[in-house]
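Subject: Structure handover

Hello,

Here is the structure I promised to pass on. Please have it open while you read the notes below.

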Amino acid sequence: MQVIILGAGVIGVTSAWYLASLGHEVTVIDRQPAPALETSFANAGQVSPGYSTPWASPGLPLQAAKWMLHPKTSPLVIRKRFDLAMLRWMEQLLKNCNAHAYDINKSRMLRIAEYSRDCLDALRTETGITYDDRQRGLIQLFRTNKQIDTAQHDMRLLAEANIPHQLLAVDQVLEHEPGLAHAKHLLTGGLYLPGDESGDAHIFTQRLARMAEAKGVKFVYDTTILRLDAAADEIMSVRTSAGHFRGDAYIVAMGSYSPLLLRPLRVHLPVYPVKGYSLTLPLTDETHAPTSTVNDTSYKLAITRLGNRIRVGGTAELTGYSQKLSPDRRETLELSFSELFGGGDLTAATYWTGLRPCTPDGTPVIGPVPAFKNLWLNTGHGTLGWTMACGSGRLIADLVHDKKPDIPALDLSISRYN
């Protein structure tokens with residue numbers, strides 16, 4: 001079967017790898033000159049199944065209102081603009097802010113993320129791929145007792161999913177991350193997730209793309225995807241700046257731009273771009289730097305060791321498709337890092353932004369489009385594209401191949417919104 005994948009980020013490239021492994025002829029099309037140059041380029045670097053949590057939670061509306069009172073340090077910023085798509089997405093998000101929906105959504109996310117981590121482990125064993133990776137766990141840092149109390153519910157869900165975790169006292173946190181010693185007075189504890197990992201998604205994607213090429217995958221770069229041409233219940237071709245491409249199956253893995261491509265087909269995909277930021281700075285002092293990766297619960301930021309670099313990533317900004325670098329977001333990243341660690345040169349940091357494709361329920365959209373028999377989706381992973389990449393790639397490959405997947409998939413498709 002000839003399969004065309006639209007998008008060469010970490011989701012598109014992992015999809016290509018697993019489809020080629022099943023014997024399919026695969027073509028990947030992307031507007032960039034190389035893979036993983038947009039949202040996959042400089043994300044937080046965490047492969048964090050245990051931290052897979054939907055933003056839509058019972059406490060979000062009140063918490064968001066409090067954040068709005070402190071816009072400079074708020075993890076969430078909503079830029080004033082009239083955007084009907086954003087308003088609809090926010091309405092759907094709020095409908096998921098209840099305990100019942102939260103439990104369902106989190107269980108779905110954990111299912112994909114745990115499976116993906118297992119697929120990544122197998123891929124490392126199979127190929128020997130490296131990407132500044134570390135398998136040393138993740139610690140969610142708490143600065144208040146209220147944050148510990150809030151985490152109790154998540155710990156119950158982790159236990160139900162048989163995901164290893166441990167609530168740590170401050171001294172235990174410092175045993176895992178001694179670089180936090182000077183910030184001890186700021187901490188009340190931490191949640192340790194030993195099964196979580198870290199690594200550079202950009203390096204991983206570029207290296208896997210080269211391996212996929214060796215399997216016969218064709219990558220077409222510097223090519224703008226214009227539209228999908230359909231007849232009745234079938235996609236006939238994809239129209240691009242380099243002409244038409246035709247295949248037996250088409251997979252949309254274009255992140256935040258997926259709904260724009262699907263809209264002319266009257267396929268309404270509830271994915272909205274949520275802008276995130278990161279700093280990447282050179283390591284200067286290992287004794288004041290993270291050993292692995294931590295999440296600062298107060299600022300909703302991740303601080304991760306990537307070889308001889310440190311990545312600080314996070315924040316959420318609703319501002320449409322703008323990729324303007326906001327100075328106030330950089331201040332938040334620098335504040336969290338300076339309070340907790342040090343050991344890196346902020347003056348030499350690279351500041352970056354990317355658009356995360358977020359669904360209102362937190363779960364990605366993986367599976368067929370009912371209106372078209374040869375159209376598939378693998379998008380909407382939000383902040384967890386790197387965490388869920390290998391599992392999502394293998395899952396969509398099995399579905400397209402008409403092979404029974406290793407995990408339940410019916411509730412992951414776009415049909416759940418109907």
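Predicted model: local features only at pLDDT ≥ 70, side-chain atom pairs only at ≥ 80, totals over all residues.

Helix α3 first. The helix runs over residues 84-95, twelve residues in total. At 1.5 Å a residue it should span 16 Å, and its end C-alpha atoms lie 17 Å apart, so the two agree. Its buried residues are Met86, Trp89 and Leu93. Seen down the axis of α3, these fall within an arc of 65°, so they line one face of the helix. The face turned away from that buried side carries Arg88 and Lys95, which are exposed.

What covers the buried residues of α3? The cover includes α2 (60-67) and the strands β4 (76-78), β14 (272-282), β17 (309-318) and β18 (350-358). At the start of α3, a side-chain oxygen of aspartate 83 comes to within 3.1 Å of the backbone nitrogen of alanine 85.

Now α2. Leu60, Ala64 and Trp67 are buried in this helix. They cover an arc of only 55° around the axis, so they sit on the same side of α2. The buried residues of α2 pack against β4 and α3.

The largest cavity holds about 130 Å³ of space. Its lining is made up of 17 residues. Nearest its centre are Trp55, Cys358, Thr359, Gly362 and Gly382.

Best wishes

Methods:
Residues numbered from 1 in each chain as written. Heavy atoms only, no water. Helix = DSSP H or I, 4+ residues; strand = E, 2+ residues; numbered from the N terminus. Expected span 1.5 Å × (residues − 1). Buried < 20%, exposed > 50% of the residue type's maximum accessible area, 1.4 Å probe, protein only. Arc of directions from axis to C-beta. Contact = heavy atoms within 4.5 Å. Polar contact = N/O pair within 3.5 Å; in protein donor to acceptor, adjacent residues only side chain to side chain. 1 Å grid on protein atoms, 1.4 Å probe; cavity = no way out; pocket = protein on both sides within 12 Å on 5 of 7 lines; lining within 4 Å. Points joined across faces, edges and corners; volume = space filled by probe spheres on them.
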